[in-house]
Amino acid sequence: MNPLAWLLSVGAVAGLVFIAVLTVDGVRVLMERLRRERAARPLDLVVTARQEVAGHLVCLQLRRRWGRRLPAYMPGQYVVLSAPLGPGGREVRRAYSLAAWQAGRPKAYELGIKREPQGLMSSWVWDALRPGQRVRVLPPKGDFVLQPAFGERVLIGAGIGITPMRAMLHAALSEPGRVLLFHAARHEDELLYREEFERLAARFPTFHYLPTVSRPGADWPGARGRLDAAGIIEHLLHPAVAQFYLCASDAVMASLTAGFEAAGILPSAIHREAFGAALGAGGSGQNVDLPGGKRVVTAGEPSLLHALEAAGCAPPSECRAGSCGLCRMQLLGGEVRWGLAPGCELQQGEILPCICQAVSDLRLA
Ligand code: FES
């Protein structure tokens, strides 16, 4: 073959290889994008079971129609319920931990929801959502997940904070290793899933269920009082290598975390999921100026987000605990008080109104 023809044929082959690589890479990128879009698409689910507990807790089971499987998730993750409950039918979103776990794609999601006196979503779930009704659910997500075990797993839930712990327990029991579950409640009838935990404790010698009730009836046979770090640590065989998972109010988590750290537990071994900031009642009479000349005046709401919601001009929200970042706003002037440290990355001047209160007049964008 003459050298020119040889060079041309080598060039043609190289060109074809290059185009093929580009095409394969393009298809891979496209498939990944489709997969991500599909994973973020809201699910249209049906309530298939509903159980009220202790007058203010409700357990829901949600399934797809035709029995199709749901997206898989990690133990500890949450889903977001979405419904048009805001002023003028605006969409309201609330995050709820998945309360059960199984390997692979489940047939149902289980949720445990506490009715909050002024909670738009929880009141709707309690008052209106019944078996057979449909509900829009954003697929599972969240970083509060069970880590690979190197030592004992210590699951600590206060009140409704037991829900992610139940999912973590289901996963932990599928592996070797000791698991301790501490559940604190005010009254014994608020110990959600108690019968199941007692059954599991009888079946698995590695599992220890340790409920604590702060206002028990006279015949409550178990532990009384509140959770405290020293009382938890004394049940452990090797506290220094245990992994701690906490889901409770901010005040309970702060006190337990301080106790664990004082006892020498590394901060990296303490994993936390907040319900929301325990800010208490906020101030009244602060002006919050928004783009477009709109002004909101605070009236003692527990967070800046509540104040903006009351005025019908709140940003979208999901977790309401400073972790998803969805409600972020830019603070152009004034001062806020943070009830929790933000659990997501923020740019200079950004705030999360779900975990802040105004302590002066504010200018937001
Ligand atoms: S709603 Fe998630 S950070 Fe505010």
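Leaving aside neighbours within four places in sequence, Thr163 is in contact with Ser97, Leu98, Ala99, Gly112 and Tyr193. The model is predicted.

### Exercise 1: Thr163

Task: Find the element that holds Thr163, decide whether Thr163 is buried or exposed, and state which backbone oxygen its side chain reaches.

Solution: 
- Step 1. Locate the residue. Thr163 sits in helix H3, residues 162–172.
- Step 2. Check the area. The relative accessible area of Thr163 is 4%. Buried means under 20%, so Thr163 counts as buried.
- Step 3. Follow the side chain. It reaches the backbone oxygen of Ile160 at 3.1 Å.
- Step 4. Domain 1 covers 43–141 and domain 2 covers 153–274. The contacts of Thr163 include Ser97 and Tyr193.

### Exercise 2: The whole chain

Task: Describe the protein chain by its helices and strands, its span, its buried share and its contacts.

Solution: 
- Step 1. Count the elements. There are seven helices and 19 strands.
- Step 2. Take the span. Along the principal axes, the C-alpha trace covers about 100 × 60 × 50 Å.
- Step 3. Take the buried share. Of the 365 residues, 44% are buried.
- Step 4. Look at the contacts. Take those between residues at least 6 apart in sequence; 64% of them join residues at least 24 apart.
- Step 5. Divide the chain. The domains are domain 1 (43–141), domain 2 (153–274) and domain 3 (284–364).

### Exercise 3: Helix H2

Task: Which residues of H2 are buried, and which strands do they pack against?

Solution: 
- Step 1. Read along the helix. H2 runs over residues 120–127. Its buried residues are Met121, Ser122, Ser123, Val125 and Trp126.
- Step 2. Find the packing partners. The buried residues of H2 pack against S1 (43–53), S2 (57–64), S3 (78–83), S4 (92–97) and S5 (108–114).

### Exercise 4: Domain 1 against domain 3

Task: Work out how far apart the centres of domain 1 and domain 3 are, what area is buried between them, and which residues of domain 1 lose the most area.

Solution: 
- Step 1. Start with the centres. Over C-alpha atoms, 26 Å separate them. The contact draws nine residues from domain 1 and ten from domain 3.
- Step 2. Take the area. About 680 Å² is buried between the two domains, and carbon and sulfur atoms give 40% of this.
- Step 3. Find the leading residues. Arg90, Arg93 and Arg94 of domain 1 lose the most area to domain 3, together 58% of what that side buries.
- Step 4. Count the pairs. The interface has three salt bridges. Five residue pairs are in polar contact.
- Step 5. Trace the elements. S3, S4 and S6 (134–141) each give two or more residues to the domain 1 side. S4 gives the largest share, three residues.
- Step 6. Sort by type. The domain 1 side has five nonpolar, no polar and four charged residues.
- Step 7. Glu318 pairs with Lys141, with the closest N and O atoms 3.0 Å apart.

### Exercise 5: Arg94

Task: Is Arg94 buried or exposed, and which residues does Arg94 touch?

Solution: 
- Step 1. Locate the residue. Arg94 is in strand S4.
- Step 2. Apply the cut-off. Its relative accessible area is 10%, so Arg94 is buried.
- Step 3. List the contacts beyond four places in sequence. Arg94 touches Val79, Val80, Leu81, Met121, Glu309, Ser317, Glu318 and Arg320.

Notes:
Residues numbered from 1 in each chain as written. Predicted model: local features only at pLDDT ≥ 70, side-chain atom pairs only at ≥ 80, totals over all residues. Heavy atoms only, no water. Buried < 20%, exposed > 50% of the residue type's maximum accessible area, 1.4 Å probe, protein only. Helix = DSSP H or I, 4+ residues; strand = E, 2+ residues; numbered from the N terminus. Contact = heavy atoms within 4.5 Å. Domains from an automatic or database assignment. Buried area = accessible area lost by both parts, 1.4 Å probe. Salt bridge = Lys/Arg side-chain N within 4 Å of Asp/Glu carboxyl O. Polar contact = N/O pair within 3.5 Å; in protein donor to acceptor, adjacent residues only side chain to side chain. Nonpolar A, V, L, I, M, F, W, Y, C, P; charged D, E, K, R; others polar.
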